[in-house]
Amino acid sequence: MKGLELTVAMVVSTAVMWYTCEGNCDLNPLILVPGSGGNQLEARLTDEYEPPSQLCGERYPLFKERGGWFRLWFRPALLLAPFTQCFAHRMMLYYNPLIDDYDNAPGVETRVPCFGSTRSLLYLDPHFKRATLYMEPLVKALKHLGYVDSETLFGAPYDFRYGLAADGHPSRVGTKFLEDLKDLIEKASVSNGGKPVILVSHSLGGLFVLQLLNRNPPSWRKQFIKHFVALSTPWGGAVQESRNLASGYTLRAPLVDPLLVRDQQRSSESNLWLMPSPKVFGGLPLVVTENATYTANDVVQFLNDIGFSEAIDLYKSRIAPLVEQLPAPEVPVTCIFGSGVRTPETLFYDESGFDKQPEIMYGDGDGTVNMVSLAALQSEWADLKNQSLKTVRVEGASHLSMLREPKGVKRVVKEIKDILGITSDKFMI
């Protein structure tokens with residue numbers, strides 16, 4: 001009788017294991033790396049903080065978590081002019097020449113919540129889910145494939161204000177993120193039986209991932225990386241970034257003066273990284289005024305003329321060497337991006353100067369990133385024998401469509417299924 005019970009128990013146990021694993025045991029672990037502004041940031045104020053107005057004092061916002069932490073990005077209140085000033089002041093970065101690196105505004109401490117989980121990538125404000133939707137539709141689709149948050153599916157949020165720098169220059173926050181991402185990759189692999197990881201990035205996240213891969217030896221990449229899927233990545237920057245630095249940009253929010261956020265956008269280390277690179281944009285006219293035409297080869301002169309001369313040495317020493325090359329990581333790469341969406345291609349400023357929003361000539365792209373940048377790897381890696389590259393264009397898909405609209409999400413999931421070797425329509429969303 002005991003032998004029969006043992007046999008039954010083994011059969012039941014095996015059946016339970018098979019049922020549990022049917023959806024996810026054959027999946028490679030997958031890590032999502034968001035783009036700029038694609039995850040929540042939290043902050044708290046110390047005694048050193050000096051608010052720009054009484055409204056921005058330590059009592060704002062009224063509701064805080066234990067320890068005084070509050071959500072800095074994103075809060076709908078920042079769309080109202082009085083609170084926009086508070087937001088911009090607290091989001092500022094400052095370059096410290098004594099340490100050759102960036103830091104927060106004095107009296108402002110920041111942290112990135114939920115590293116390792118997808119929770120802070122789903123919505124920028126969980127109280128306004130529909131209005132601040134980010135990766136939730138893509139995450140939901142991945143869960144339909146059998147992925148489980150923090151088991152086979154992971155998120156790698158980061159402080160997107162910070163960037164990376166060329167060799168010889170510190171970038172404490174950006175480098176720490178790469179270290180944390182590397183650690184997450186290794187732990188995700190080990191906890192899933194040694195399976196290599198699929199990295200899925202969006203926008204700026206793709207630049208960080210490429211840097212991570214190329215800063216680690218081939219043996220590490222071979223062991224831990226199965227595939228790199230880059231969504232809507234600005235490999236050579238974007239013309240839109242020139243507008244951000246020249247005039248400020250508020251994502252078309254009607255109640256916010258772009259000049260209120262211009263200084264904050266200029267202070268962001270990653271925004272300088274996203275300026276159009278000479279390697280990709282070459283001599284294309286990007287900004288036109290009554291007195292000058294600026295190409296990507298004229299970034300230094302452009303920074304001077306918009307009144308941002310303090311960034312010139314930073315660009316020349318920290319950024320320009322970083323964007324001179326797009327080295328292949330020698331792991332399989334799939335680039336997925338939208339096309340056929342009106343995208344700023346040339347900015348025209350009249351005699352009013354850079355304090356006024358420009359007239360815009362549009363070209364092809366995904367509405368945010370220009371096609372020449374989205375498709376840059378096709379020509380850059382075309383003749384490389386050791387680099388597998390697949391490029392997928394989704395006609396009519398915008399910069400965010402890959403994450404939250406059916407057309408984009410379905411195409412991303414299809415590519416991930418192909419990588420996993422899933423052929424059954426059982427997992428169609």
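In this predicted model, the axes of helix α8 (residues 239–247) and helix α9 (residues 259–267) come within 7 Å and cross at roughly 115°. The two helices are therefore roughly perpendicular to each other (65 to 115 degrees). Elsewhere, 6 strands form an open sheet with parallel pairing, and the largest nonpolar core has 89 residues. Because the model is predicted, local features need pLDDT of at least 70 and side-chain atom pairs count only at pLDDT 80 or more, while totals for chains, interfaces and linings use all residues. Residues are numbered from 1 along each chain as its sequence is written, and side-chain values use heavy atoms, with hydrogens and water left out.

**Helix pairs**

- Axes are lines fitted to C-alpha atoms, for helices over the stretch in contact, and angles run from 0 to 180 degrees between N-to-C directions.
- In α8, Asn244, Leu245, Ala246 and Ser247 meet Leu259, Arg262, Gln265 and Arg266 of α9 (contact: heavy atoms within 4.5 Å).
- By class, the contact of α8 with α9 has 3 nonpolar, 3 polar and 2 charged residues.
- The axes of α5 and α6 come within 10 Å, crossing at roughly 70°, and that makes α5 roughly perpendicular to α6.
- Gly174, Phe177, Leu178, Leu181, Lys182 and Ile185 in α5 meet Phe208, Gln211 and Leu212 in α6.
- The contact of α5 with α6 has 6 nonpolar, 2 polar and 1 charged residues.

**The sheet and its helices**

- The strand order is β7-β1-β8-β9-β12-β15, where strands (E, at least two residues) and helices (H or I, at least four residues) are DSSP runs numbered from the N terminus.
- β7 (153–155) and β15 (389–395) stand at the edges, each with a single partner strand, so one side of each has no neighbour in the sheet.
- From one strand to the next, the twist averages 15°.
- Strand β1 (residues 30–33) is joined to β7 by 3 bridges, and the two run parallel; strands pair if DSSP finds at least two bridges between them.
- The bridge partner of leucine 32 in β7 is glycine 155.
- Helix α5 (residues 172–190) lies across β1, β7, β8 (197–202) and β9 (225–231), at about 160° to β1.
- Helix α6 (residues 204–214) also packs on the sheet, touching β1, β8 and β9, and its direction makes about 140° with that of β8.

**Nonpolar cores**

- A nonpolar core is a set of buried Ala, Val, Leu, Ile, Met, Phe, Trp, Tyr and Cys residues joined through side-chain atoms within 4.5 Å.
- Within the largest core, the residues with the most contacts are Ile31, Ile185, Trp235 and Leu303.
- Helix α6 gives the most to this core, with 7 residues.
- Beyond four places in sequence, tryptophan 235 touches residues including Leu207, Leu210, Phe228, Leu326 and Leu377.

- Leucine 142 is buried, with a relative accessible area of 0%.
- Leaving aside neighbours within four places in sequence, leucine 142 is in contact with Leu30, Leu32, Tyr147, Leu153 and Ile416.
- The C-alpha atoms of leucine 142 and valine 409 are separated by 9.5 Å, although these residues are 267 residues apart along the chain.
- Glycine 146, whose phi is positive, near 115°, follows α4.

Note on methods
Buried < 20%, exposed > 50% of the residue type's maximum accessible area, 1.4 Å probe, protein only. Parallel < 35°, antiparallel > 145°, perpendicular 65-115°, else oblique. Nonpolar A, V, L, I, M, F, W, Y, C, P; charged D, E, K, R; others polar.
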